[in-house]
Amino acid sequence: MTTGIERPLQIESGDMVFKPWIHHEAIQRRVAQMAGYLATRFNGQDVRFLPILKGALPFSRLMVAGMSRLPYGPSSITIDTIQVKSYQGTRSRELSWLQVPQSPAHPKVHDVLLEDIADSARTLTAVETHMRQQGGASLTTAVLLDRPAARAPDVDYKPDLVGFGISNPEAWAIGFGLDLGEQYRDLPDIYGRVGPDGKLPPYIIPPLPDV
């Protein structure tokens, strides 16, 4: 992803208005911090990144680029992709795998699952549960945006790593992988939906866990 594309001052869709919210430079800084954490944690070990398509691709590219610039980190990094579709079955949330990782989990390879946003977290919970059963060395989940107030009532989920936290359950973000009807994924910045008060919702940068 580059920052040379046009960056509109606002985006209108129906009665929704989106304005620049988290600029690319802020995203870069935060993902660099997350990359540093992972590089320290998995220094000298093998890591496989598993971005969930399509939204997590820009996030994963920036993460890998950040780690590659460090003088320490994993001895090897591979990237595989996951694409899923979830639907409500008669008894539980069921998961349909549209694209599975090409390589199987390995007991000496640490998996890092990447997602653009955790809101209801139903799909992310199901994917994480499935991947933990595959036999990898460990599984870490990193999300760029976390909106815990939008969790489904029956879901108790907390990602391991969070880029930006959103407290407003009505917040809506597009850009940098996040879409609106499959549009705007290529925007370098994250745009937020303007609230009834004409303002953008606040966000926080939560502390990273101890290594």
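Entry 1, a polar pair. I looked up Glu128 and found a polar contact of 2.9 Å joining its side chain to that of Thr141. I note that the model is predicted. Glu128 is in helix H3, residues 122-132. Is Glu128 buried or exposed? I count Glu128 as buried, because its relative accessibility is 11% and the cut-off is under 20%. Leaving out residues up to four places away in sequence, I listed Leu113, Leu139, Thr141 and Tyr157 as touching Glu128.

Entry 2, the sheet. I traced an open sheet of four strands in the order E1-E2-E11-E10, paired antiparallel. Its edge strands are E1 (11-13) and E10 (173-174), each of which pairs on one side only. I then checked E10 against E11 (residues 190-193) and found two bridges in the antiparallel sense. Ile174 has Tyr191 in E11 as its bridge partner.

I looked up the largest nonpolar core, which has 33 residues; Leu145 and Ile190 have the most contacts inside it. Elements giving two or more residues to this core include strand E2 (16-22), helix H2 (57-68) and strand E8 (138-146). Which element gives the largest share? H1 does, with eight residues. Another core, of 16 residues, lies apart from this one, and I noted Leu50, Met131, Val143 and Ala152 among its members.

How values were computed:
Residues are numbered from 1 along each chain as its sequence is written. This is a predicted model: local features need pLDDT of at least 70, side-chain atom pairs count only at pLDDT 80 or more; totals for chains, interfaces and linings use all residues. Side-chain values use heavy atoms; hydrogens and water are left out. Two strands pair if DSSP finds at least two bridges between them. Buried means under 20% relative accessible area, exposed over 50%, partly exposed in between (1.4 Å probe, protein chains only). A polar contact is a pair of N or O atoms within 3.5 Å; within protein, one must be able to donate a hydrogen and the other to accept it, and residues adjacent in sequence count only if both atoms are side-chain atoms. Contact means heavy atoms within 4.5 Å. A nonpolar core is a set of buried Ala, Val, Leu, Ile, Met, Phe, Trp, Tyr and Cys residues joined through side-chain atoms within 4.5 Å.
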